[in-house]
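User: I would like to go through this model by question and answer. Please give the cut-off for each term when it comes up.

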Amino acid sequence: MSVLPLVFTSGWASGINAYAVVLLLGLFGVTGVSDDIPQTLQRPEVLIVAGALFLCEAVADKIPYVDSAWDAVHTVVRPLAGAWVGALLAGHSGSLPDVAAGLLGGSTALASHTVKAGTRMAVNTSPEPFSNFALSLAEDLGVGAVVAFAMFHPLAAAVVAGVLLAGGLLTLVFLVSRIRRFLRRRAQRREERRLAARAP
């Protein structure tokens with residue numbers, strides 16, 4: 001059970017920024033901050049790819065509507081990354097079956113991804129771009145801080161991640177009307193483009 005808090009926390013963080021999680025865990029392993037990081041995450045090619053994709057996400061995530069398109073693509077990527085990291089962490093420690101840890105990491109990542117994607121849809125209904133940028137920056141810093149905290153205090157970090165996840169899901173309930181507005185606008189824009197393409 002000792003690895004369970006770290007699996008949960010990494011799953012939550014993967015749902016927000018999977019590439020940051022892989023990059024941070026790999027760097028913590030390479031620099032010797034933690035001996036519990038699997039060698040797979042410390043491989044140079046994994047760190048290079050995760051770093052490049054993290055930079056892509058850092059840019060795409062701060063542009064209104066581009067961030068929602070990015071989130072749509074990552075509806076599959078983030079839960080899979082959470083499951084992969086969870087299985088690696090469990091396989092390395094031997095304290096949990098790989099499959100169970102993968103399910104925990106993947107389901108937690110899917111839940112936090114849902115919060116992130118839904119919140120972005122709601123924020124994108126606002127005409128100004130600053131709230132989007134601020135939210136993205138807060139997510140990046142939050143993921144970094146919680147994952148780093150988990151290296152030294154995994155149980156406390158899991159509690160923090162759990163509170164953030166529960167708070168995010170509750171906030172999402174209150175943002176349903178704004179999310180519906182975003183989806184209506186997107187459908188309207190698609191219809192306008194379709195009609196414009198058919199016009200002579």
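User: In which helix is Gly102 found?

Analyst: This is a predicted model, in which local features need pLDDT of at least 70 and side-chain atom pairs count only at pLDDT 80 or more, while totals for chains, interfaces and linings use all residues. Residues are numbered from 1 along each chain as its sequence is written, and side-chain values use heavy atoms, with hydrogens and water left out. Helices are DSSP runs (H or I, at least four residues), numbered from the N terminus. By that numbering, Gly102 belongs to helix α5.

User: Is Gly102 buried or exposed?

Analyst: Buried means under 20% relative accessible area, exposed means over 50%, and partly exposed is in between (1.4 Å probe, protein chains only). Contact means heavy atoms within 4.5 Å, and Gly102 touches Ala83, Gly86 and Ala87, not counting residues up to four places away in sequence. Because its relative accessible area is 12%, Gly102 is buried.

User: Why does Arg120 count as buried?

Analyst: Arg120 is found in helix α5. Leaving out residues up to four places away in sequence, Arg120 touches Asp61, Asp67, Ser68, Asp71, Asn132, Leu135, Ser136 and Glu139. Arg120 counts as buried because its relative accessible area is 0%.

User: What is the volume of the largest pocket?

Analyst: On a 1 Å grid over the protein atoms alone, a pocket is an open set of points where a 1.4 Å probe fits, with protein on both sides within 12 Å along at least five of seven lines. Grid points are joined across faces, edges and corners, and a volume is the space filled by probe spheres set on the points. For the largest pocket this is about 290 Å³.

User: Which helix gives the most to the lining of the largest pocket?

Analyst: Lining residues have an atom within 4 Å of a point. Of the 16 residues that line the largest pocket, Trp12, Ile16, Val115, Glu139 and Leu164 are the closest to its centre. At least two lining residues come from each of α1 (4–30), α5 (98–123), α6 (130–152) and α7 (154–174). The most, 6 residues, come from α6.

User: How many residues of the lining of the largest pocket are charged?

Analyst: Ala, Val, Leu, Ile, Met, Phe, Trp, Tyr, Cys and Pro count as nonpolar, Asp, Glu, Lys and Arg as charged, and the others, Gly among them, as polar. The lining has 9 nonpolar and 5 polar residues, and the charged ones number 2.

User: Which residue has its charged end over the ring of Tyr65?

Analyst: Tyr65 lies in the loop between α3 (44–60) and α4 (66–93), and its phi is near 75°, a positive value in a residue other than glycine. With a relative accessible area of 32%, Tyr65 is partly exposed. A charge sits over a ring if NZ of Lys or CZ of Arg is within 6 Å of the ring centre and within 35 degrees of the ring normal. At 4.6 Å from the ring centre of Tyr65, the residue is Arg189.

User: What is the relative accessibility of Met151?

Analyst: Met151 has its place in helix α6. Not counting residues up to four places away in sequence, Met151 touches Leu6, Leu25, Phe28, Ser34 and Ile37. Met151 counts as buried, with a relative accessibility of 13%.
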